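Visitor: Could you walk me through this structure and tell me what each label rests on?

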Amino acid sequence: MHVTANGEAVQLDDGASVDDLLGRLGLGAKWVVVERNGEPVPRREAATTTLSDGDRLELVRAVAGG
């Protein structure tokens, strides 16, 4: 299946979750805020939120600094 993450096409296996996507992109769920098709995905639901072909995701990584 194909999804779009931050404007880039990503190919994933059917039935992949948000956690699977983050792992494929080398991102840790703890530091990333995910929006799927305009709706936020709670961190506690990242492992159980199954993606569908054509989903559009926006990923924002938290960065600490001073």
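Guide: Gladly. Helices (H or I, at least four residues) and strands (E, at least two) are DSSP runs, numbered from the N terminus. With that in hand, Leu 12 lies in the loop between strand 2 and helix 1. This is a predicted model, in which local features need pLDDT of at least 70 and side-chain atom pairs count only at pLDDT 80 or more, while totals for chains, interfaces and linings use all residues. Residues are numbered from 1 along each chain as its sequence is written, and side-chain values use heavy atoms, with hydrogens and water left out.

Visitor: Why is Leu 12 called buried?

Guide: Buried means under 20% relative accessible area, exposed over 50%, and partly exposed in between (1.4 Å probe, protein chains only). Leu 12 has a relative accessible area of 8%, so it is buried. Leu 12 is 13 residues from Leu 25 in sequence, and their C-alpha atoms are 11 Å apart in space.

Visitor: And why is Asp 13 called exposed?

Guide: Asp 13 is placed in the loop between strand 2 and helix 1. Its relative accessibility is 65%, so Asp 13 counts as exposed.

Visitor: What makes a negative surface patch of Asp 13, Asp 14, Asp 19, Asp 20 and Asp 53?

Guide: Patches are made of residues with over 30% relative accessible area and no salt bridge, where like charges are joined within 9 Å and nonpolar side chains (Val, Leu, Ile, Met, Phe, Trp, Tyr) within 5 Å. Asp and Glu count as negative, Lys and Arg as positive, and His and the chain ends are not counted. Asp 13, Asp 14, Asp 19, Asp 20 and Asp 53 form such a negative patch.

Visitor: How do you know that Asp 55 forms a salt bridge with Arg 36?

Guide: The rule asks for a side-chain nitrogen of Lys or Arg within 4 Å of a carboxyl oxygen of Asp or Glu. For Asp 55 and Arg 36 the closest N and O atoms are 2.8 Å apart, and the pair forms a salt bridge. Asp 55 lies in the loop between strand 4 (39-41) and strand 5 and Arg 36 in strand 3 (residues 32-36), so the pair ties together parts that are 19 residues apart in sequence. The count by this rule comes to 1 salt bridge.

Visitor: Are its two partners buried or exposed, and why?

Guide: Asp 55 has 6% relative accessibility, so it counts as buried. Arg 36 has 22%, so it counts as partly exposed.

Visitor: What makes strand 3 and strand 5 a pair?

Guide: Two strands pair if DSSP finds at least two bridges between them. Strand 3 and strand 5 run antiparallel and are joined by 5 bridges, with Val 34 partnered by Leu 59 in strand 5. Strand 3 is also joined to strand 4 by 3 bridges, again antiparallel, and there Arg 36 stands opposite Glu 39.

Visitor: How many bridges does strand 1 have to strand 2 and to strand 5?

Guide: 4 bridges join strand 1 (residues 2-5) to strand 2 (residues 8-11), running antiparallel; the partner of His 2 is Gln 11. With strand 5 (residues 56-61) there are 2 bridges, running parallel, and Ala 5 is partnered by Leu 57.

Visitor: Why is Asn 6 called partly exposed?

Guide: Asn 6 has 40% relative accessibility, so it counts as partly exposed. Asn 6 also has a positive phi of about 50 degrees although it is not a glycine, and it sits in the loop between strand 1 and strand 2.

Visitor: Why is Asn 37 called partly exposed?

Guide: At 43% relative accessibility, Asn 37 counts as partly exposed. In the hairpin of strand 3 and strand 4, with 2 residues between the strands, Asn 37 takes a positive phi near 50 degrees.

Technical notes:
Accessible areas come from the Shrake-Rupley method with a 1.4 Å probe; for residues, only the protein chains shown count as cover. The place of a charge is taken as NZ of Lys, CZ of Arg, CG of Asp or CD of Glu.
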